[in-house]
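Here's a quick tour of some aromatic rings and what surrounds them. Have the sequence and the 3D view open as you read.

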Amino acid sequence: MPKIFITNKSNHPQVFEVHGWNHNLNITVKPHSTSTLSAPDKSSGAIIALHDGHEGEQAEITFNGFGGNDFIDISNIVGAGGNITIQQEGDNSTRKGDPLFMQHLNTAWHKANQHTKDELKGSVFTDGKGNVHRIGPIKDHPKLESFVRSFADGKTYIGVGAWGGSPGNKNDNNQSSAAHGTKNS
């Protein structure tokens, strides 16, 4: 049976919504710790980080799906507030996501002109020092999507991939491509 390892590299506990496994119960991963979930073949779901009670970056996983392949991707379409990556265990070539997403976001934010910041008001949330601590749903804000693409295009699933007859964004489609077949079955 495949396993999902959720590692928190931050200095604070991180709450994750779990969809599809763990009886759909949230988990909290302690700082610098790893939690493990069991996930049967042919199952799918998502692990979604919560920031200030808002959904953020998410890992989407299907084990032994179409053609026997596993499908994994990282998505920021519902928001972000941290760094997240995903890969099949022991296979760095399958890694997806940007391990420095928030650092890149903050660099871009501090370089942005006032007009850009004004356009993103209500979708970029900063702390008292002007650093971004989370962003809202990219899927609801085309200007936020353009801003995030300026530093993360091709590193994470940002907008809309091929879905419902739309060809989607090529880089987002690549982020959703199949990994190797299930290794633990």
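## Rings that group together

Phe-101, Trp-109, Phe-147 and Phe-151 form one aromatic cluster. Keep in mind that this is a predicted model, where local features need pLDDT of at least 70, side-chain atom pairs count only at pLDDT 80 or more, and totals for chains, interfaces and linings use all residues. Residues are numbered from 1 along each chain as its sequence is written, and side-chain values use heavy atoms, with hydrogens and water left out.

The structure holds four aromatic pairs (rings of Phe, Tyr and Trp, the last by its six-membered ring, with centres within 6.5 Å; planes under 30 degrees apart are stacked, over 60 edge-to-face, the rest tilted). Here are two of the pairs:

| Pair | Centre to centre | Angle of planes | Type |
|---|---|---|---|
| Trp-109 and Phe-147 | 6.2 Å | 85° | edge-to-face |
| Phe-147 and Phe-151 | 5.9 Å | 75° | edge-to-face |

Trp-109 sits in helix α1 (residues 101–111) and Phe-147 in helix α3 (residues 142–152), so their pair ties together parts 38 residues apart in sequence. Helices here are DSSP runs (H or I, at least four residues), numbered from the N terminus. Phe-147 and Phe-151, by contrast, both belong to helix α3, four residues apart, or about one turn of the helix.

Methods:
Helix = DSSP H or I, 4+ residues; strand = E, 2+ residues; numbered from the N terminus.
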